[in-house]
Amino acid sequence: MDLQFVRTTCPYCGCGCEFLLETLDGKLVSTIPSKTNVMNGGKLCIKGWNAHEFVQSPNRLTNPMIRKDGELVETTWDEALDFAARRLREIKDNHGGDSLAFLTSAKCSNEDNYVFQKFCRVGFGTNNVDHCARL
Ligand code: SF4
């Protein structure tokens with residue numbers, strides 16, 4: 001039995017709560033709030049308590065999907081990215097940047113989110129950028 005604890009920061013919002021991820025034989029099994037972190041002092045909100053659950057969820061998408069003939073089917077990253085780039089460009093060219101809206105994720109790093117909003121504002125000319133932490 002291999003039991004390990006990894007200290008990390010909650011990915012869900014900017015508060016910066018800290019917890020230990022507990023792994024048993026290489027699988028994430030729980031989240032334990034840090035008692036020594038000044039931000040959360042041994043407490044977490046419901047999102048933090050469940051922060052380990054999405055990682056190994058059977059519902060998690062592990063391959064890109066594309067809709068063909070009305071059905072979502074697995075595809076390659078190259079095909080999915082080419083399709084998305086082509087459609088985004090067509091929509092921007094035909095209807096303007098503000099006809100697009102972009103939503104990013106709290107599961108990305110702050111740096112990823114910063115680059116994403118720059119990509120939307122500079123690349124597509126829209127401020128229609130939001131983040132799931134505001135929901
Ligand atoms: S535990 Fe809750 S309040 Fe703390 S960082 Fe995570 S989402 Fe934010």
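Colleague: Is Thr62 buried or exposed?

Modeller: This is a predicted model, in which local features need pLDDT of at least 70, side-chain atom pairs count only at pLDDT 80 or more, and totals for chains, interfaces and linings use all residues. Numbering starts from 1 along each chain, as its sequence is written. A residue is buried if 20 or more other C-beta atoms lie within 10 Å of its own, exposed if 12 or fewer, and partly exposed in between, with C-beta atoms placed from the backbone. Thr62 has 6 C-beta neighbours inside 10 Å, so Thr62 counts as exposed.

Colleague: What distance separates the C-alpha atoms of Thr62 and Ser99?

Modeller: Thr62 sits in the loop between helix 1 (46-49) and strand 4. Helices (H or I, at least four residues) and strands (E, at least two) are DSSP runs, numbered from the N terminus. Thr62 and Ser99 are 37 residues apart along the chain, and their C-alpha atoms are separated by 29 Å.

Colleague: How many Å separate the centres of domain 1 and domain 2?

Modeller: The protein chain is assigned domain 1 (3-49) and domain 2 (65-134). Such bounds come from an automatic or database domain assignment. Taken over C-alpha atoms, the separation of the two centres is 30 Å.

Colleague: Which residues make up the largest nonpolar core?

Modeller: A nonpolar core is a set of buried Ala, Val, Leu, Ile, Met, Phe, Trp, Tyr and Cys residues joined through C-beta atoms within 7 Å. In soluble globular proteins, nonpolar side chains tend to be buried together. Here the largest core has five residues: Cys10, Cys17, Phe19, Leu44 and Ala51.

Colleague: Which residues is Cys17 in contact with, leaving aside its neighbours within four places in sequence?

Modeller: Cys17 belongs to the largest nonpolar core. Contact means that the C-beta atoms of two residues, placed from the backbone, lie within 7 Å. On that count, the partners of Cys17 are Cys10, Asn37, Met39, Asn40, Leu44 and Gly48.

Colleague: How many residues of the shell around the ligand are charged?

Modeller: The shell is Cys10, Tyr12, Cys13, Cys15, Gly16, Cys17, Asn40, Leu44, Cys45, Lys47 and Gly48. Ala, Val, Leu, Ile, Met, Phe, Trp, Tyr, Cys and Pro count as nonpolar, Asp, Glu, Lys and Arg as charged, and the others, Gly among them, as polar. That gives seven nonpolar, three polar and, as charged, one.

Colleague: What is the phi of Asp25, about how many degrees?

Modeller: Asp25 lies in the loop between strand 2 (18-24) and strand 3 (27-33). With 9 C-beta neighbours inside 10 Å, Asp25 counts as exposed. Most residues other than glycine have a negative phi. Asp25 is not a glycine, yet its phi is positive, at about 50 degrees.

Colleague: Where is Asp69 found?

Modeller: Asp69 has a positive phi too, near 50 degrees. Asp69 counts as exposed because it has 5 C-beta neighbours inside 10 Å. Its place is the loop between strand 4 (65-68) and strand 5 (71-74).

Colleague: How many buried residues does helix 2 have?

Modeller: Helix 2 (residues 77-95) reaches 27 Å from its first C-alpha to its last, close to the 27 Å expected at 1.5 Å a residue. The expected span is 1.5 Å times one less than the number of residues. Helix 2 is hardly covered: among its 19 residues, the buried count is zero.

Colleague: How far apart are the C-alpha atoms of Lys92 and Phe124?

Modeller: Lys92 is found in helix 2. With 17 C-beta neighbours inside 10 Å, Lys92 counts as partly exposed. Beyond its neighbours within four places in sequence, Lys92 is in contact with Gly97, Leu100 and Phe124. Lys92 and Phe124 are 32 residues apart along the chain, but their C-alpha atoms are separated by 6.9 Å.

Conventions
Near = placed C-beta within 6 Å.
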